[in-house]
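Have a look at it, and then follow the questions and answers below.

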Amino acid sequence: MHDEPAALRIAFLGDLMCMQNDRIPDVAPAIRAVLEDVDLVVANCEAPLMFEASRPFARYVGHFAMAEEFLFGFLDRLGVPADKAVLSVANNHIADQGVEGLAQSIDRIRRNGAVPIGARTDEGASPVVVVERSGLRIG
């Protein structure tokens with residue numbers, strides 16, 4: 001008799017991006033219900049995380065910067081705890097604030113308990129990131 005293979009439910013989202021006034025958008029209850037029920041959420045962190053707190057008077061034109069409070073508040077509103085989030089920084093806006101913006105973004109993502117993918121700041125680090133959930137390794 002064979003054991004059932006482990007199953008892993010993964011949701012993929014597009015860009016998580018700051019909005020004018022750092023307003024966290026409303027989320028449809030049906031979307032939140034789906035995301036609360038998955039094991040892992042992979043999304044794109046579209047702007048560099050340059051600030052800790054949201055800025056209610058923020059305006060973005062061409063070059064973006066996002067507060068970690070906004071990003072992780074948005075994930076919370078989506079029903080995604082940080083430890084279930086894998087956030088890509090491989091995109092066209094992550095360098096809007098230079099190399100410092102990329103490095104800060106990776107540090108802030110890790111500090112909040114999520115996993116950054118798509119770039120590395122440690123020269124000797126592997127380009128492959130492996131995440132383990134429910135006894136399965138994904139990378």
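Q: Which residues touch the most other members of the largest nonpolar core?
A: In this predicted model, they are Leu16, Cys45, Met66, Leu71, Leu75 and Leu87, out of 29 residues in that core.

Q: What makes these residues members of a nonpolar core?
A: A member has to be buried, be of a type such as Leu, Met or Cys, and be joined to others through side-chain atoms within 4.5 Å. Leu16, Cys45 and Met66 are among the residues that belong to this core.

Q: Which elements give two or more residues to this core?
A: They are E1, E2, strand E4 (66-67), helix H2 (68-78), E5 and H3. The largest share, six residues, comes from H2.

Q: Which residues of H2 are buried?
A: Glu68, Phe70, Leu71, Phe72, Phe74, Leu75 and Leu78 are. Residues three or four places apart in an α-helix point the same way, because there are 3.6 residues a turn. Just after H2 comes Gly79, with a positive phi of about 85°.

Q: Why is strand E2 called mostly covered?
A: Buried means under 20% relative accessible area, and six of the six residues in E2 (residues 40-45) are buried. Leu40, Val42 and Asn44 point one way, Val41, Ala43 and Cys45 point the other way, and all are buried. The strand therefore has buried residues pointing both ways.

Q: How do you know that E2 pairs with E1 and with E5?
A: Pairing takes at least two bridges. Strand E1 (residues 10-16) is joined to E2 by five bridges, and strand E5 (residues 85-88) is joined to E2 by four, so both count as pairs. Each pairing is parallel. Val42 has Phe12 as a bridge partner and Val86 as its bridge partner in E5.

Q: What makes a right-handed β-α-β unit here?
A: E1, helix H1 (residues 29-36) and E2 make it. With the strands pointing away from you, the path from the first strand over the helix to the second runs clockwise, which is why the crossover is called right-handed.

Q: What lines the largest pocket?
A: The largest pocket, with a volume of about 190 Å³, is lined by 15 residues, and the closest to its centre are Arg110, Ala119, Arg120, Ser126 and Val129. Helix H3 (98-111) and strand E6 (115-117) each give two or more residues to the lining, and E6 gives the most, with three. By class, the lining has nine nonpolar, three polar and three charged residues.

Note on methods
Residues numbered from 1 in each chain as written. Predicted model: local features only at pLDDT ≥ 70, side-chain atom pairs only at ≥ 80, totals over all residues. Heavy atoms only, no water. 1 Å grid on protein atoms, 1.4 Å probe; cavity = no way out; pocket = protein on both sides within 12 Å on 5 of 7 lines; lining within 4 Å. Points joined across faces, edges and corners; volume = space filled by probe spheres on them. Nonpolar A, V, L, I, M, F, W, Y, C, P; charged D, E, K, R; others polar. Buried < 20%, exposed > 50% of the residue type's maximum accessible area, 1.4 Å probe, protein only.
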